[in-house]
Amino acid sequence: MQITFKVYRKDPEGNGKPGRSEYTVDLSDDATVMDGLLKIRDELDGTLAFRASCLRGYCGECTMRISGKSTFACTAKVSAFTKKGPEIALDPIRNIPVIKDLVFDWDAFLWNKIKAVKPWLEPREGPANEEHRLPDAVMKDLRQVMSCYYCGLCDEGCTVLPVDFDFLGPAALTKAYRVAFDPRDRDGKERLRIAEQPKGVWDCVHCFEASEHCPRGIAPTERIVALRDKAFQMGISHEKVARHHQSFAASVKESGWVDEGRLAVESEGLTNIKGLMKLLPTAAKALVRGKAPLPYVHSKRPGADRIKKIFEKGERERK
Amino acid sequence: MKYAFYPGCVSRGGCPELYPSAVKVAQKLEVELEELKDVGCTGAGVLPQYLSDPINARTFAKAEGLGLPIMTICSTCQGVMAQANYRLKSDPAYREKINREYLAEEGLEYRGTTEVKHLLWILFEDYGLDRLKSLIRRPLKGLKVSPFYGCFLRRPPEAITPTKELSRRKNYLDELIEILGADLVDISGKGKCCGFPILTASEENSLAMVAKHTGESKEKGADCMVTPCPLCHLNLDGNQPRAQAVRGEKIDLPIIHLPQFVGLALGFDPEEMQLKRHIVSTRVVESRVEMLA
């Protein structure tokens, strides 16, 4: 079948302005997108740049957007993308600077961020003269995380990276999990401290895009949530977030539901005059619109005492 | 048709216009609601699971006792409860533990049979589109509307879109906009996060997300955006004035709650749907609707 590929082009040595090239090639019915790309490069245009390695879905090198869907060119069948016509658009994945054509900048997007979480174990003292063994359940969990082959799809789906490229992103934070949750590491706390810095776990919106995008079922979103929980447990967390969580929990514990007025004020901090002043314009508008009627009252829900008991029991057992 | 109604904190707190408009719409649709009054907050993804799962199990047990499925009007309540319910249903030992340790004392037990559904899902899956169409009194012709789902009405898949058929849930709002006669203005971020969860930790990024979504919708010519999530509403509407500063230009895009949107098509006036309570003026929507009346 004749397929026309419309491929994103960016030449760093030319005028640098991105454009699009069209190539029509003849492919077999069961061809993959990678088959098409290799044919274009071999027969039509040797200057077209893209990454390829294993050609069988093992390595995560050839991540790209195929007619809008982010996936691997080597496992994507051409026929799955030509139902509406024999044309396929190829673009680099989003949120990541492009070096040339379909080749994006691994350093900027991933390796520098992974380096930032100190992705190596600092072994704690183990048993003398033998391996440091771990229970199977622990290894099973870590093995799943270790199956990450850095394809970039989780970062590509991330909601935060398009507005803040400095955010560490799900791939690097998942690497932080891998080290922080390994009992052989002597300083998991250090890893948590790095992950909870600005641009770390607290900047994640836990929207589950990363988990949905991950082709290995590693669930990066859940890993980030676990890092947060552990940071809380160990008493290291973003100051304002800690106030917010404490206020949220306190109002549910006391009344059964969230007191949003109290939450807004306590999250800023009662002595943070500048922060509190910032709330005023919205608060004033809310009053005018009848969103927050005066006098402001937050009453207890009927089942509040039962909710409080759940809190007390849960907190007791957690200790 | 009858549901155990779980209105959520925000529909009576930061978005007090949501609760009455949802109740009015349910009445018009002849959907009977029995409000769950003595239940707790879902935890909203803020409370850790060891606290929120027992609280939600208690809510499910109450609905189970009434023999009713739960109706939510908040993507976040829906998502958090659906995830808790998934854990409780798929792991009987875990459910038993929570029953034993937290619910038994009150004489409650969750057997794992309660369904939790957002109003948006109910319209498509239980109510039926033909019945809904037959009740439209004011097709919203010419009103240009962008959808905004809220993360938890689309993900995570095991709890939200567990089957191929239910993956259609990811498109319900798009479909509904057209069913009610309005024009769909698609935006790239409709299934992304509104930024609300990081308002505390990273206000700058949160506001940038508001600016990105509302700005794109405005650029594409939308009159308003509709959302089934009051937390998205708090950020997209309540913080839009501050997000405009990030963008450096006016956006002024009204954000409409799902029940308000349905209500307008069913013939309610903007005043009855309490549009005036929003932070961003809804004048554009009101005047369009008045022209249609």
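## Polar contacts across the interface

Between chain B and chain A there are 15 residue pairs in polar contact, both partners at pLDDT 80 or more. A polar contact here is a pair of N or O atoms within 3.5 Å; within protein, one must be able to donate a hydrogen and the other to accept it, and residues adjacent in sequence count only if both atoms are side-chain atoms. On the chain B side that touches chain A, the elements giving two or more residues are helix H2 (49-66), helix H4 (92-103), helix H7 (157-160), helix H9 (203-219) and helix H10 (230-238) of chain B. Helices (H or I, at least four residues) and strands (E, at least two) are DSSP runs, numbered from the N terminus. Sorted by class, that side of chain B holds 27 nonpolar, 14 polar and 20 charged residues. For the classes, Ala, Val, Leu, Ile, Met, Phe, Trp, Tyr, Cys and Pro go down as nonpolar, Asp, Glu, Lys and Arg as charged, and the others, Gly among them, as polar.

A quick word on ground rules: this is a predicted model, where local features need pLDDT of at least 70 and side-chain atom pairs count only at pLDDT 80 or more, while totals for chains, interfaces and linings use all residues. Residues are numbered from 1 along each chain as its sequence is written, chains are lettered from A and ligands numbered from 1 in the order in which they are written, and side-chain values use heavy atoms, with hydrogens and water left out.

## The rest of the interface

In terms of contact (heavy atoms within 4.5 Å), 61 residues of chain B touch 50 residues of chain A. The two chains bury about 4,800 Å² between them, and 61% of that is on carbon and sulfur atoms. Buried area means the accessible area (1.4 Å probe) that two parts lose on being put together, summed over both.

Nine salt bridges turn up across the interface of chain B and chain A, where a salt bridge is a side-chain nitrogen of Lys or Arg within 4 Å of a carboxyl oxygen of Asp or Glu. B:Glu17 and A:Lys291 pair up in a salt bridge, N to O at 3.1 Å. Another residue to look at is A:His245, in helix H9 (residues 239-255) of chain A. Beyond its neighbours within four places in sequence, A:His245 is in contact with A:Trp202, A:Phe232 and B:Val46.

## Cores and helix H5 of chain B

The largest nonpolar core has 106 residues, and those with the most contacts inside it are A:Phe248, B:Ile70, B:Leu120, B:Leu140, B:Leu176, B:Leu180 and B:Phe261. H5(B) gives the most to this core, with seven residues. By a nonpolar core we mean a set of buried Ala, Val, Leu, Ile, Met, Phe, Trp, Tyr and Cys residues joined through side-chain atoms within 4.5 Å. Setting aside neighbours within four places in sequence, B:Leu120 is in contact with B:Leu153, B:Tyr172, B:Leu173, B:Leu176, B:Pro228 and B:Leu258.

Helix H5 (residues 119-127) of chain B is largely enclosed by the rest of the structure, because seven of its nine residues are buried. Those buried in H5(B) are B:Leu119, B:Leu120, B:Trp121, B:Ile122, B:Leu123, B:Phe124 and B:Tyr127. After H5(B) comes B:Gly128, with a positive phi near 100°.

## Charged side chains within the chains

Over all chains, the whole structure has 54 salt bridges. A:Arg223 forms one with A:Asp141, the closest N and O atoms being 2.8 Å apart. That pair links distant parts of the chain, with A:Arg223 in helix H8 (residues 220-233) and A:Asp141 in helix H3 (residues 136-146) of chain A, 82 residues apart. A:Arg223 counts as buried at 7% relative accessibility, whereas A:Asp141 is partly exposed at 27%.

In chain B, B:Asp126 forms a salt bridge with B:Lys117, closest N and O atoms 2.8 Å apart. B:Asp126 is partly exposed at 32% relative accessibility, and B:Lys117 is buried at 13%. Salt bridges that share partners also join A:Arg306, A:Lys309, B:Asp38, B:Arg58, B:Lys62, B:Glu105 and B:Glu106 into one network.

Notes:
Buried < 20%, exposed > 50% of the residue type's maximum accessible area, 1.4 Å probe, protein only.
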